[in-house]
Amino acid sequence: MTLATQNIDIEQDILSVFNAQKNNAQSLANTNAKIRKDKLRKLLDWTIAHEEQIGKALFNDFKKNPAETNLGEILGVVGEIKHLLKHLNSWMKPQSVPTPMNMIGTSAHVRFEPKGVCLIISPWNYPFNLSIKPLAQAIAAGNTVMLKPSELTPNTSALLKKMLSELFEENEVAVFEGDVEVSQTLLNLPFNHIFFTGSPAIGKIVMSAAAKNLTSVTLELGGKSPCIVDETANIKKAAEKIAWGKFINNGQTCIAPDYVLVHKSIAQELISSLKSAITTMYGNEPKLSPDYCRIVNNRHFNRLNGLLKEAVENGATLEIGGQTDDSDNYIAPTILSSLTDSMKIMQEEIFGPILPILSFSTNEEAIGQIKSREKPLAMYINSNKESNIKYFMDNSSAGGTVINDCVIHYGHTEIPFGGVNNSGIGKSGGIWGFIEFSNQRAVMRQKFGTFKMIYPPYTPFVSKLIKFFVKYI
Ligand code: NAD
């Protein structure tokens, strides 16, 4: 079969599944909480029963330790589904609202109806979690889903395909493996909602494609997430948390601290504590540690190696790490200091195990660094001084913030997860995900009220009445 015929086949396959889902969407919209919860339980049971296979797929994709897969991929999915199961009945209920004075005689409520046929495009860095979590939210809200996992983690994508074709008919949930062309073919279709997780650059492509059909979007993107450590912070604890948040998944975490801003009075102490924290987690030779996974592929290895080399050639100091092995996509946990804004590493999202440390003298200077860049997905503050925390919070904007820790907010089911502008549009997780995949339909019922007295003709009396309403509403 030639490439052209193969492409036509994929296009036809995608279109036929899209039409089948469109035809099925209304009956899914009318399903009750029990039916939706049964589907969520299927997802949950499969995930728990196949923990080992999920671990193997992730290990084959980028040598992720099965314990880290349990932590970063499975725990979040299980927690999310259990939360949805617990709350779905109450979230699905129409929400009554109070009646304002000018609406006397009516009643109203908000009804959550599914958006319809949804497209989920997921990235490679947490390929199981970032596919199944939004899928669970979409199912809870009553949608059909076409899922396109990343081509960079083919073992996990194949497992997702197997899982979801075992659990669902194609007219409800369907998986399309493949590269960017598959993604582009999908993006040509008039979906009712697109949930995309990936880079800001591709987020723009997704949003332009969605605009052609006025499809609503959730964009879970990335960027440079700063981590402040002020002069009052507990240095050892901050270092342990930063080293963990930065080097799990080999730094390939959207909310990993991208760079540290440390008060200059404690900079050296923080760097020493970071070095100890790295050694405690991965030993003196991280390459031999089974707990330290790898860069996902050679293209990303070369990108990161390029950032590292360029920084060092231009005067950055290598505090620890710097060893690389391109045959194994390995970069040691690396810390750099003496950086300048002109270095590429300070201009793009690093998304790998290299941590730049910048120092500041005043809080204004630290905030100036953050505000010179796009609004981040996450911003971390390590401090024990309330007035400093307040200053950093009041003078910045970010998708999410953790005070005195990092990364952990992703696992909290009661707070929204997402970015702001360049780091994302819309929110996910828990009720926020349910809302994102729902149309909040406003329903009003006329009971015994009437608005007839303000209909034309606008006699002096009617005009006066309208003026009265304007004044006293
Ligand atoms: P990516 O943007 O390169 O790819 C994401 C998905 O988009 C993949 O499935 C890919 O097939 C598809 N894609 C790639 N190019 C495309 C194109 N031209 N047209 C249509 N589709 C295309 O991202 P990635 O490398 O997989 O993931 C890394 C990025 O994702 C980082 O920026 C990271 O911060 C971000 N991220 C964000 C979150 C979050 O929740 N906010 C989570 C994980 C990763």
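A polar contact here is a pair of N or O atoms within 3.5 Å. With that in hand, look at the ligand in this predicted model: one of its nitrogen atoms sits 2.6 Å from a polar backbone atom of Leu221. Glu220 also takes part, with a backbone N or O atom 3.5 Å from a nitrogen atom of the ligand. Ser199 uses its side chain instead, placing a polar atom 2.7 Å from a ligand oxygen atom.

| Residue | Protein atom | Ligand atom | Distance |
|---|---|---|---|
| Ser199 | polar side-chain atom | oxygen | 2.7 Å |
| Glu220 | backbone N or O atom | nitrogen | 3.5 Å |
| Leu221 | polar backbone atom | nitrogen | 2.6 Å |

On its own, the ligand has 840 Å² of accessible area, and the protein covers 91% of that. Of the shell, α7 supplies the largest share, with four residues. In total, 28 residues surround the ligand, and the closest are Trp124, Glu151, Ser199, Leu221 and Glu349. Sorted by class, the shell holds 15 nonpolar, nine polar and four charged residues.

Now for the helix packing. Two packed helices are described by the angle between their axes and the distance between the axes. Helix α4 (residues 66-92) packs against α2 (residues 33-49) at about 170 degrees, and their axes are 10 Å apart. On the α2 side the contact includes Leu40, Leu43, Leu44 and Ile48, while Val77, Ile81, Leu84 and Leu88 are among the α4 residues they meet. By class, this contact has 13 nonpolar, two polar and four charged residues.

Helix α3 (residues 51-62) also packs on α4, at an angle of about 110 degrees and with the axes 10 Å apart. That angle makes α3 roughly perpendicular to α4, because 65 to 115 degrees is the range for that label. Glu51, Ile54, Gly55 and Leu58 come from α3, and Thr69, Asn70, Glu73 and Ile74 from α4. This contact divides into three nonpolar, three polar and two charged residues. Ile74 turns up in the contact of α4 with α2 and again in the contact with α3.

Most residues other than glycine have a negative phi, and most peptide bonds are trans. Asn329 has a positive phi, near 50 degrees, and lies in the loop between β11 (324-325) and β12 (330-331). Pro456 and Pro457 are joined by a cis peptide bond, with omega about 5 degrees. As for where that is, Pro457 belongs to the loop between β18 (438-446) and α15 (460-472).

Terms used: Residues numbered from 1 in each chain as written. Predicted model: local features only at pLDDT ≥ 70, side-chain atom pairs only at ≥ 80, totals over all residues. Heavy atoms only, no water. Axes fitted to C-alpha atoms, helices over the stretch in contact; angles between N-to-C directions. Helix = DSSP H or I, 4+ residues; strand = E, 2+ residues; numbered from the N terminus. Contact = heavy atoms within 4.5 Å. Nonpolar A, V, L, I, M, F, W, Y, C, P; charged D, E, K, R; others polar. Near = heavy atom within 4 Å. Polar contact = N/O pair within 3.5 Å; in protein donor to acceptor, adjacent residues only side chain to side chain. Areas by Shrake-Rupley, 256 points an atom, 1.4 Å probe, with all protein chains shown as cover. Parallel < 35°, antiparallel > 145°, perpendicular 65-115°, else oblique.
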